[in-house]
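These are my notebook entries on a structure I went through one topic at a time. I wrote each entry after looking up the item it concerns.

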Amino acid sequence: LAQLFRPLDMLGMVYRTIRQGLTDMADMFRLIDTDIEVRDAPGAPALVVRRPTLTFDNVVFGYERDRTILSGLSFEVPAGNQVAIVGPSGAGKSTIARLVFRFYDPWSGRILIDGQDIAQVTQASLRAHIGIVPQDSVLFNDTIGYNIAYGRDGATQADVEQAARDAALMDLIGRLPAGFETEVGERGLKLSGGEKQRVAIARTLVKNPPILLLDEATSALDTRTEQDVLATLHRVSSGRTSLSIAHRLSTIADADTILVLNAGQLAEAGTHNELLRRDGLYAEMWARQAEAVEELGEAAE
Ligand code: ATP
């Protein structure tokens, strides 16, 4: 009988892994109508993570045969570092995150985590080590507790409470009519953009991944909420290898390294101050954004 059930157990595990993976991806990349092209190599081992350095080694990639999006990209996110990617719209920032999650394979070059080529390990093990905090999260029509526990199979109520505390959600939960048991989502209580993002952070904390992919576009949030969410994100990133996609420069000024991507290539890399001194693309983007903020301020007066 046990032999009969083992494949069923396996199926259950595979189903949960796929469901988890798809929800993460649908969340961040809205890829529902895209074909999944990636397969596990036969006999692929699991990814083993000790010190999760993330390396792009001469990665060339495009979605369509005759249009290269990343043309020989190399960079490294050392274990435990916070690295941000900035660059003009369409430069390929989100594409980098999609490749790390192995939604696609590079045309050539390699992506390594802790020295292992991610194309050679199982997708389930890869994705188990990566947490994604998308800019607008999907909540299930279920309780807020369920929405947090969803981060990991077998999460206990204690895990959920700890994650909610770390994601600065306890004030909100204290105000909800049934606490963790309150129904949220389309058919339940509607949460604000900032609250939803914090639920996504709590979900990721329950998963406790060594690698984080953050989509830091917080434009839907007001400044105060944005500051709160950013402070929470920075706190939870510490000690993890994290790659942030930044659409607004003000949010990533304290990253260990800022990578400036332009037309699929690394144009500049350095800290915020180094890049300002360099007076190149980053300095120009920074000045332009400061101007826009000033104009907004004047318009509001
Ligand atoms: P933004 O800051 O505007 O979000 P980005 O730097 O994140 O931009 P990407 O989303 O990585 O840019 O897209 C890079 C290029 O790849 C764009 O020209 C985009 O049109 C193209 N692209 C993205 N996804 C696909 C896809 N599924 N099929 C074909 N082309 C795509």
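This is a predicted model: local features need pLDDT of at least 70, side-chain atom pairs count only at pLDDT 80 or more; totals for chains, interfaces and linings use all residues.

**Entry: overall figures.** I looked up burial and found that buried residues make up 36% of the 301 residues in the protein. I then turned to the contacts with a separation of 6 or more, of which 74% are accounted for by residues 24 or more positions apart.

Entry: I traced an open sheet of 4 strands, which pair in antiparallel fashion in the order 2-1-4-5. The edge strands are strand 2 (70–77) and strand 5 (116–117), each of which pairs on one side only. Between strand 1 (residues 54–61) and strand 4 (residues 108–113), which run antiparallel, I found 5 bridges. Within this pairing I looked up two positions: Val-60 has Ser-108 of strand 4 as its bridge partner, and Phe-56 stands opposite Ile-111 in strand 4.

Moving on to strand 4 and strand 5, I found that they also run antiparallel and are joined by 2 bridges. Ile-113 stands opposite Gln-116 in strand 5. The two strands form a hairpin with 2 residues between them, and Asp-114 in the turn has a positive phi of about 50°.

**Entry: helix 2.** What does helix 2 lie across? I found that helix 2 (residues 93–100) lies across strand 1, strand 2 and strand 4, and that it runs at about 115° to strand 1. Helix 2 is mostly covered, with 6 of its 8 residues buried, and I listed the buried ones as Lys-93, Thr-95, Ile-96, Ala-97, Leu-99 and Val-100. Just after helix 2, I noted a positive phi of about 55° at Arg-102.

**Entry: the ligand.** I looked up the surroundings of the ligand and found 13 residues, the closest being Tyr-63, Ser-89, Lys-93, Ser-94 and Thr-95.

Entry: I looked up His-129, whose place is in the loop between helix 3 (123–128) and strand 6 (130–133). His-129 counts as buried because it has 21 C-beta neighbours inside 10 Å, where the cut-off for burial is 20 or more. Leaving aside its neighbours within four places in sequence, I found His-129 in contact with Leu-47, Val-49, Pro-52, Pro-209, Pro-210 and Ile-211. From Lys-93, 36 residues apart along the chain, His-129 is separated by 21 Å between C-alpha atoms.

Gln-227 lies in helix 8 (residues 223–237), and I recorded it as partly exposed because it has 14 C-beta neighbours inside 10 Å. Gln-227 and Ser-89 are 138 residues apart in sequence, and their C-alpha atoms are 23 Å apart in space.

**Entry: the largest nonpolar core.** Which residues touch the most other members of this core? Of its 66 residues, I found these to be Ile-85, Val-100, Ile-148, Ala-202, Leu-213 and Ile-258. Helix 7 (residues 193–207) contributes the largest share of the core, 6 residues.

**Entry: positive phi in loops.** Most residues other than glycine have a negative phi, and I looked up two that depart from this. Ala-168 is not a glycine, yet has a positive phi of about 55°, and lies in the loop between helix 5 (157–166) and helix 6 (170–175). I recorded Ala-168 as partly exposed because it has 17 C-beta neighbours inside 10 Å.

Asp-279, likewise not a glycine, has a positive phi of about 60°, and its place is in the loop between helix 9 (272–278) and helix 10 (281–300). Is Asp-279 buried or exposed? With 10 C-beta neighbours inside 10 Å, Asp-279 counts as exposed, since the limit for that class is 12 or fewer.

Conventions: Residues are numbered from 1 along each chain as its sequence is written. Two strands pair if DSSP finds at least two bridges between them. Two residues are in contact if their C-beta atoms, placed from the backbone, lie within 7 Å. Axes are lines fitted to C-alpha atoms, for helices over the stretch in contact, and angles run from 0 to 180 degrees between N-to-C directions. A residue is near a molecule or strand if its C-beta atom, placed from the backbone, lies within 6 Å of it. A nonpolar core is a set of buried Ala, Val, Leu, Ile, Met, Phe, Trp, Tyr and Cys residues joined through C-beta atoms within 7 Å.
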